[in-house]
Amino acid sequence: MAMFWDKERETLRGKRLEELQAKQLRWTVSLAENVPFYRERLREAGISADDIRSTDDLSRLPFTKKTDLREGYPFGFFAVPRREIVRVHTTSGTTGKPTVVGYTQRDIDTWSDLIARNLTMVGLTADDTFQNAVNYGLFTGGLGFHYGAERTGMMVVPSATGNTKRQIEMIQDFGVTALHCTPGYALHITEVIEEMGVTLDSLRIGCFGAEAWSETMRHELETRLAIDAYDSYGMSEMYGPGVAFECTEKHGLHIWEDCYLPEIIDPATGETLGPGEKGELVITSLSKEAMPMIRYRTGDITMFIEDECPCGRGLRIARIMGRSDDMLVIRGINVFPSQIEHVLLGIPEVGDQFMVYIDRVHHLDEMTIDVEMNRSAFSGELGDLVGLQKQIQQRLQEALSLRTSVRLVEPGSLPRFEGKAKRVIDRRGDL
Amino acid sequence: MQEEYIIKQISVFSENKPGRLAAIAEALQKSNVNIFAFSIAEASSFGVVRALVDTPETARSVLEKLGFAVQFTDVIAVRMKDEPGGLHQVARILGDAGINIEYAYAYSGREAAVLILRVSQAGEAISKIRAAGGSLLRESDLS
């Protein structure tokens, strides 16, 4: 029997859904008019909140791109006075500065309810114990899931990341029934328990997100951990995780249409695509108060699934198939190659040419960056080179929140690109 | 006075991958540069090839033409007795004088064994070694 957190809103369809969406869209656009960026764009498009009659008016609204958010750093996209903001998180920006996202108390409540919907949808209740093994702090996945899981009444173990043996010990000793982490980390835990020769008998559900994962990976995790594994989708610009989630059918992710108005577009032309057509997911927030987002280009490639879901909930999107831009997801952290370039430009001892290689070592993503030594900066001493290498790694870690390994290479040895550069070689394969 | 004992080593930045030493050696061969001694110092993915050659200027220009990053590094070259205790004799002089050896490599030639040293204070090292009766190579000895 399907379980619901908020059955009325989760199953809202047809005319009633459209009316709610139109009303919320009008509200969102009127809020957005408080943001200078949107005020300007809406004026250019010749549309204001009063002109919004139905969701059909969506196509008249301007798109918001990730690079647009850069202009607003830090609080330029907040649509409410500073004193109404109760929390901020950050996510990767496309260059030096991160994107800051803000929340009012009502946003935190809405977000927590969305997470609670997702967790209830896969069968979790107050009787469950939930281990949240993701990064807490500025990353939205930690606190987002934490608040949502608490809202369902579950006992939450805020284990955060690292110390895998201790994570395993807690799952065993606390009788943890549900685990939230990145799929890569779940596979790592799997390998460690297999090496230790132990099993996680209490565990029955895994919620995995923040990076794309395949059906092969699901099969591995489900059989080796004896759990049901569900895909979680979201992005910081839309609160964080909780935008869409799989139900127990495991066939597509329900996107919460009372809070998010989704479109699929052709990323090249911006043209709207129909169900079954693969394209870029574009989302307009319908309940975000602190930071409304109009037609936000997520960069994620997916499609709408047309048929009805037996669980009775509404629209689904297919599991994410890729990116329309060059964003990388490394151990759940978003990385833009432009961020790497930005760091290298600030280090005169190296050139601004680089190549990025991504591998999966023991199921965890590893990023290696080849950087050209600047001929004139070579002192002849090995120690200086090693120092430089460490300095670059440290600067990258500061900028990306990610440990990388940097290799200094000979000047002029990296490929030069005419036209579109292909600086990233992803060797992670399917699993 | 002491400057004549300072020798120009060529230091070449090289990636740690097959064929790089061959590329350097081939370039030197084609330009008729003779290598007296060389060593490789490596970090994880890259290293520095260090060499004493008869014509450092030529070596530098041909390697730079191939795209290598090249630097001259001041080193000293000390003749050692090619017998037990030869290295100890030189190392002790420097140790007693509190001069740190950053790196060293050696070759054993026809007339003597030679220890090539990169030290913290080259001038002082030269005077201490000479004062102790040691013998140093001049750059002219290599050409």
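Tyr260(A) has Ser285(A), in strand 11 of chain A, as its bridge partner. The model is a predicted one, in which local features need pLDDT of at least 70 and side-chain atom pairs count only at pLDDT 80 or more, while totals for chains, interfaces and linings use all residues. Residues are numbered from 1 along each chain as its sequence is written, and chains are lettered from A in the order in which they are written.

**The sheet around strand 11 of chain A**

Strand 10 (residues 260–265) of chain A pairs with strand 11 of chain A in the antiparallel sense, over 6 bridges. Two strands pair if DSSP finds at least two bridges between them; strands (E, at least two residues) and helices (H or I, at least four) are DSSP runs numbered from the N terminus. Strand 11 of chain A also pairs with strand 12 (residues 296–302) of chain A, again in the antiparallel sense, over 4 bridges. There the bridge partner of Glu280(A) is Ile301(A), in strand 12 of chain A.

These strands belong to an open sheet of 4 strands in chain A, with the order 10-11-12-15 and antiparallel pairing. Its edge strands are strand 10 and strand 15 (322–323) of chain A, each of which pairs on one side only. Strand 11 (residues 279–285) of chain A is largely enclosed by the rest of the structure, because 7 of its 7 residues are buried. A residue is buried if 20 or more other C-beta atoms, placed from the backbone, lie within 10 Å of its own.

**Helices 7 and 8 of chain A**

The axes of helix 7 (residues 164–174) and helix 8 (residues 183–196) of chain A come within 10 Å and cross at roughly 80 degrees. Helix 7 of chain A is therefore roughly perpendicular to helix 8 of chain A, a term for angles of 65 to 115 degrees. The axes are lines fitted to C-alpha atoms over the stretch in contact, with angles from 0 to 180 degrees between N-to-C directions.

Helix 7 of chain A brings Thr164(A), Lys165(A), Gln167(A) and Ile168(A) to meet His188(A), Ile189(A), Val192(A) and Ile193(A) of helix 8 of chain A. This contact has 4 nonpolar, 3 polar and 1 charged residues. Ala, Val, Leu, Ile, Met, Phe, Trp, Tyr, Cys and Pro count as nonpolar, Asp, Glu, Lys and Arg as charged, and the others, Gly among them, as polar.

**Domains and chains**

Domain bounds come from an automatic or database domain assignment. Residues are in contact if their C-beta atoms, placed from the backbone, lie within 7 Å.

| Chain | Domain 1 | Domain 2 | C-alpha centres apart | Residues in contact |
|---|---|---|---|---|
| Chain A | residues 7–325 | residues 333–426 | 31 Å | 9 residues of domain 1, 11 residues of domain 2 |
| Chain B | residues 3–73 | residues 74–142 | 21 Å | 13 residues of domain 1, 16 residues of domain 2 |

In chain A, helix 8 gives the largest share of the side of domain 1 that touches domain 2, with 4 residues. By class, that side of domain 1 of chain A has 1 nonpolar, 7 polar and 1 charged residues.

In chain B, strand 1 (7–15) and strand 2 (35–42) are the elements that give two or more residues to the side of domain 1 that touches domain 2. Strand 2 of chain B gives the most, with 4 residues. That side of domain 1 of chain B divides into 7 nonpolar, 3 polar and 3 charged residues.

Between the chains, 14 residues of chain A are in contact with 15 residues of chain B. On the side of chain A that touches chain B, the elements giving two or more residues are helix 11 (382–400) and strand 20 (405–409) of chain A. The residues of this side of chain A comprise 8 nonpolar, 3 polar and 3 charged.

Technical notes
A residue is buried if 20 or more other C-beta atoms lie within 10 Å of its own, exposed if 12 or fewer, and partly exposed in between; C-beta atoms are placed from the backbone. Angles under 35 degrees count as roughly parallel, over 145 as roughly antiparallel, 65 to 115 as roughly perpendicular and the rest as oblique.
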